[in-house]
Amino acid sequence: MDGAVVLDKPKGITSHTAVQRARRLLPEPRIGHLGTLDPFATGVLVLLVGSATRLARFYRDREKSYEGTIRFGYSTDSFDCTGTPTSPRLEPRLDAGELRRLFGEFVGTIDQQPPSFSAKKVGGVRAYRLARKGEEPRLSPVRVRIQELELLSVEGPLAVFRARVSSGTYIRSLAHDLGERMGAGAHLAELRRTAVGEFAVADAADLAQLEDRVRQGEGWNFLIPPENLLPEFPAITLSPMAARRVLHGNSLEIQSASPWVRLLDDSGKLLSIAERAGEGVFHPVVVFNRNAESDLAGSLR
């Protein structure tokens, strides 16, 4: 069972728990996700299943899209609604025009300070473990890109927004920094991830739907096959002789200007992801041999 499942993660469970539940439903232990969602957040959690886990490396830098709500008036130690308040509680009157101008100042490439309650490691220890002990982990700023930050509505101290950001961006930090600039404090009250790269929430299934389909023997209906993944890589169909060369790790002459291509057999199944190694030459980097079932899942983070 190989491919991807776009899961609509519910509020209140970790991404790890969502993966564990999927493992109990699907007949495949090799399942990993493409980017953690905090327990209070909902939305797109992409699961790579079976030998498709080996494609995780190609998704590390994908943009992510979100919709959410920022609560202005006080900050928290976790930068979100689950944390302890760290400033007096205020009831600011938000001006939509002023807020839109402020949002505009954050669009582009910025240096962002990750929250103390994050999975980043400090001296080999997760930062959130140190923060829970009352310590203040020293995290270096990370350069991220805010492609889009749009104010959708304002109601009292609440600002509803839409964002499209580079991989590694903390929306919690963005909310906190906006509060600092406003001088009123702020934290992330709600968050829903609407897309990860080409995977959109409109194509997602929740765990209950997945469970129902599996019970009815239709669990495969949610699976996106490997040959449909990475659509930005041109697809090249190989002859049987060329396919055998690829399965043995040999380079091929292929005319393509793309740095990466998907190599398919004559039935349309994905055989390999190949990298441009020179003018008209591509070398297979990831090779799938589904008949032998010899592919091992890579480590997903």
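**Reading cores, packing and burial in a predicted model**

Me: Which residues is Phe161 in contact with, leaving aside its neighbours within four places in sequence?

Reply: In this predicted model, Phe161 is in contact with Tyr66, Glu67, Gly68, Thr69, Ile70, Phe103, Leu149, Glu150, Leu152, Ile171, Leu188 and Leu191, once neighbours within four places in sequence are set aside.

Me: How many residues does the largest nonpolar core have?

Reply: A core is read as a set of buried nonpolar residues joined through side-chain atoms within 4.5 Å. Here the largest one has 27 residues, and Ile70 and Phe161 have the most contacts inside it. Two or more residues come from each of strand S4 (64-72), helix H2 (96-106), strand S8 (142-155), strand S9 (158-165), helix H4 (171-182) and strand S10 (186-196). There is also a second, separate core of 22 residues, including Val44, Val196, Phe199 and Leu264.

Me: Thanks! Now to helix pairs. At what angle do H1 and H5 pack?

Reply: The idea is to compare the N-to-C directions of the two axes. Helix H1 (residues 15-25) and helix H5 (residues 207-215) pack at about 10°, and their axes are 10 Å apart. Angles under 35 degrees count as roughly parallel, so H1 is roughly parallel to H5.

Me: Which residues of H1 and H5 meet?

Reply: From H1 come Ala18, Arg21 and Leu25, which meet Leu207, Leu210, Glu211 and Val214 of H5. By type, the residues of this contact are five nonpolar, two charged and no polar.

Me: Last one, a strand. How many residues of S1 are buried?

Reply: For a strand, look at each side in turn. In strand S1 (residues 3-9), seven of the seven residues are buried. Gly3, Val5, Leu7 and Lys9 point one way, while Ala4, Val6 and Asp8 point the other way.

Me: Which strand is joined to S1 by bridges?

Reply: That is strand S3 (residues 42-49), which runs antiparallel to S1 and is joined to it by seven bridges. Within this pairing, Asp8 stands opposite Val44 of S3, and Val44 also belongs to the second core.

Notes: Residues numbered from 1 in each chain as written. Predicted model: local features only at pLDDT ≥ 70, side-chain atom pairs only at ≥ 80, totals over all residues. Heavy atoms only, no water. Buried < 20%, exposed > 50% of the residue type's maximum accessible area, 1.4 Å probe, protein only. Helix = DSSP H or I, 4+ residues; strand = E, 2+ residues; numbered from the N terminus. Contact = heavy atoms within 4.5 Å. Axes fitted to C-alpha atoms, helices over the stretch in contact; angles between N-to-C directions. Parallel < 35°, antiparallel > 145°, perpendicular 65-115°, else oblique. Nonpolar A, V, L, I, M, F, W, Y, C, P; charged D, E, K, R; others polar. Pairing = 2+ DSSP bridges.
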